[in-house]
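Have a look at it first, then read on.

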Amino acid sequence: MPLARLLFVDMLVWGTILNLTTTGASLILLAFDAPIWAVIAVWLSSWPCNAFLCLSVWRTADRAKRGVLPALAGPLATIWALGISVV
């Protein structure tokens with residue numbers, strides 16, 4: 001898979017949509033007085049996908065080795081994964 005598609009489309013677009021959806025769902029559960037373990041479980045459910053996307057970007061960038069995008073893709077993926085996991 002091309003690095004640009006993995007980074008910009010799969011991670012930044014679809015990954016962000018997934019994380020915002022799980023955050024919204026957990027807030028709705030919290031508003032309806034769901035058990036706190038259910039709220040936390042829904043909120044944490046996107047973290048395995050975040051880790052997979054981050055590691056996939058690092059691995060694909062490592063294989064590319066040329067240009068500015070492979071040099072910046074790994075750190076950008078890590079910053080995104082940490083930032084979006086807090087949301």
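## The nonpolar patch

Helix 1 and helix 2 each put at least two residues into a nonpolar surface patch. That patch covers about 720 Å² and is built from Leu27, Leu30, Ile36, Trp37, Ile40, Leu44 and Trp47. Helix 2 gives the largest share, four residues, and Leu44 sits in that helix. Patch residues have over 30% relative accessible area and no salt bridge, with nonpolar side chains (Val, Leu, Ile, Met, Phe, Trp, Tyr) joined within 5 Å.

Keep in mind that this is a predicted model, where local features need pLDDT of at least 70, side-chain atom pairs count only at pLDDT 80 or more, and totals for chains, interfaces and linings use all residues. Residues are numbered from 1 along each chain as its sequence is written, and side-chain values use heavy atoms, leaving out hydrogens and water.

## How the two helices meet

The axes of helix 1 (residues 3–31) and helix 2 (residues 36–44) come within 8 Å and cross at roughly 170°. The pair is therefore roughly antiparallel (angles over 145 degrees count as that). Touching here (heavy atoms within 4.5 Å) are Thr22, Thr23, Ala25, Ser26, Leu29 and Leu30 from helix 1, and Ile36, Ala38, Val39, Val42 and Trp43 from helix 2. Sort those contact residues and you get eight nonpolar, three polar and no charged.

## The whole protein

Zoom out and there are four helices and zero strands (DSSP runs of at least four residues for helices, H or I, and at least two for strands, E). Along its principal axes, the C-alpha trace spans about 50 × 20 × 15 Å.

Note on methods: Axes fitted to C-alpha atoms, helices over the stretch in contact; angles between N-to-C directions. Parallel < 35°, antiparallel > 145°, perpendicular 65-115°, else oblique. Nonpolar A, V, L, I, M, F, W, Y, C, P; charged D, E, K, R; others polar. Patch = residues over 30% accessible without salt bridge, like charges linked within 9 Å, V, L, I, M, F, W, Y side chains within 5 Å. Areas by Shrake-Rupley, 256 points an atom, 1.4 Å probe, with all protein chains shown as cover. Salt bridge = Lys/Arg side-chain N within 4 Å of Asp/Glu carboxyl O.
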